[in-house]
Structures are given as structure tokens and as C-alpha cells.
Amino acid sequence: MIPPDAAGGVTQATVVKKTAPKTDYKPADVSPQRRVQRSYSVRLWSIRHSRGLEWFYARFADMFLMLHPLWKLVGYGRVEAPVKFVERHVKGFMFDCRMCGQCVLSSTGMSCPMNCPKQLRNGPCGGVRANGNCEVEPDMPCVWVKAWEGSRNMEKGDAILSLQKPVDQSLRETSAWLRVTAQAAANRETEKAGASA
Ligand code: SF4
């Protein structure tokens, strides 16, 4: 890594740009680190509107839980593919979701921690730049700086202080929506059984 002030305040991104071979071809929408830049703006919009999204997500989760009998009838395994398709595209567009299968957006100010190049799930590393950007992706705002900002707008924003488990790689490419729904339904049934016993 080239420290920001090693070359008189020049960032690594500028160095990469300057040293790139000069041709007329300029790829659309990619940063020197090959990240899609245009997606940052939607991601940042979602973080700025974290409170509204928190409200919406709570209703959405309730609706999914209401549909539990239907998911069960059809079979969770069978509905996985279409639900995953929708989840991937909706969350991919809004949050740059990486389909880790264990969504923590509601605990991270609607900023997906899987966009951190180091995939840290419990706060930033020590390399956040003075401008709040990532040390690995200098053009990208640190996902954890943004997570903190987003969490401050949320009703249950203090969930960001809870310790997150390490990512279970076996759950990658599975639907977090269905998993949370099935878990909530199981908890509800356990509570009901406990109350009637
Ligand atoms: S935490 Fe996981 S499921 Fe949630 S948006 Fe990020 S990659 Fe997707």
C-alpha cells in the first residue's frame, strides 16, 4: 500500500490511474480497483434512508412470516430458487449484497459489511483514511463508517454494538429471507407450545 501522504497527499487510486497504459479505451463504471463505482450511490442512498428501510424491512419480515404456511406447503427447498433470485437482485441493487446468507443489514445501519474488502463483521480495521474511505479501495467510503452513520438514524440502531458471529461460509448463496422466516416461525411455535403446556 502507498500511504496517502507518501507522495505529497496523492492517493493510491491516483497513482494507479497515472501509471495505467494510455489508450482510448475507458471501461464504463469501474474504478482503478475494478469496483463498480455507480453502485456506491445507491448503496449510500440506502444508508441515508436507513430508518425508512428499517420500518419497511420489519413489515416485509412480518409479511414473509405470514406466508410461512404457504412456504411450508410448497416446501422451503422448492421456493428457495425464485426467492433467492428476487433477493439477489433487489438487495444487490440496493445494498450491493454479496449473498452471504446471514443478513445483518438491520444491525449495520443498512450498510452491507460484505462489501468491506476484508469482510469484517464487527467494525472497521485500523486503516480507515482521514476522509473516511477504505484503505484498500480508496474511492470507496468505508462500509463501517457508513454503517455507524446509518445506525444513528435507526430506531434499533444500537444493534450495531452487538457482537456478530463469523460468517458461516456454508450459508453463502442461500436466502437470508427464508432462513429468518423459518427461524421466526420455529420460535413462534416453540413459544406457543410453551404457553399451552
Ligand atoms: S449482510 Fe449478507 S445477506 Fe445481508 S446484504 Fe450483506 S451480503 Fe447480503
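Me: Where does E173 lie in this model?

Reply: E173 lies in the loop between α6 and α7 (176–196), where helices are DSSP runs of H or I with at least four residues, strands are runs of E with at least two, and both are numbered from the N terminus. The model is predicted, and local features need pLDDT of at least 70, side-chain atom pairs count only at pLDDT 80 or more, and totals for chains, interfaces and linings use all residues. Residues are numbered from 1 along each chain as its sequence is written.

Me: Why is E173 called exposed?

Reply: A residue is exposed if 12 or fewer other C-beta atoms, placed from the backbone, lie within 10 Å of its own, buried if there are 20 or more, and partly exposed in between. E173 has 11 C-beta neighbours inside 10 Å and therefore counts as exposed. E173 also has a positive phi of about 65 degrees, although it is not a glycine.

Me: What makes M99 partly exposed?

Reply: M99 has 17 C-beta neighbours inside 10 Å, and therefore counts as partly exposed. M99 is placed in the loop between α5 (76–95) and α6 (143–152), and its phi, near 55 degrees, is a positive value in a residue other than glycine.

Me: Which residues are around the ligand, and how many of the shell are nonpolar, polar or charged?

Reply: The residues around the ligand include K91, R98, M99, C100 and A176, a residue being near a molecule or strand if its C-beta atom, placed from the backbone, lies within 6 Å of it. By class, the shell has 10 nonpolar, no polar and 2 charged residues, where Ala, Val, Leu, Ile, Met, Phe, Trp, Tyr, Cys and Pro count as nonpolar, Asp, Glu, Lys and Arg as charged, and the others, Gly among them, as polar.

Me: Why are α5 and α7 called oblique to each other?

Reply: α5 and α7 pack at an angle of about 130 degrees, with their axes 8 Å apart; axes are lines fitted to C-alpha atoms, for helices over the stretch in contact, and angles run from 0 to 180 degrees between N-to-C directions. Angles under 35 degrees count as roughly parallel, over 145 as roughly antiparallel, 65 to 115 as roughly perpendicular and the rest as oblique, and α5 and α7 are therefore oblique to each other. Their contact, for which C-beta atoms placed from the backbone must lie within 7 Å, is made by Y76, V79, E80, V83 and E87 of α5 and W177, L178 and A182 of α7.

Note on methods:
Contact = placed C-beta atoms within 7 Å.
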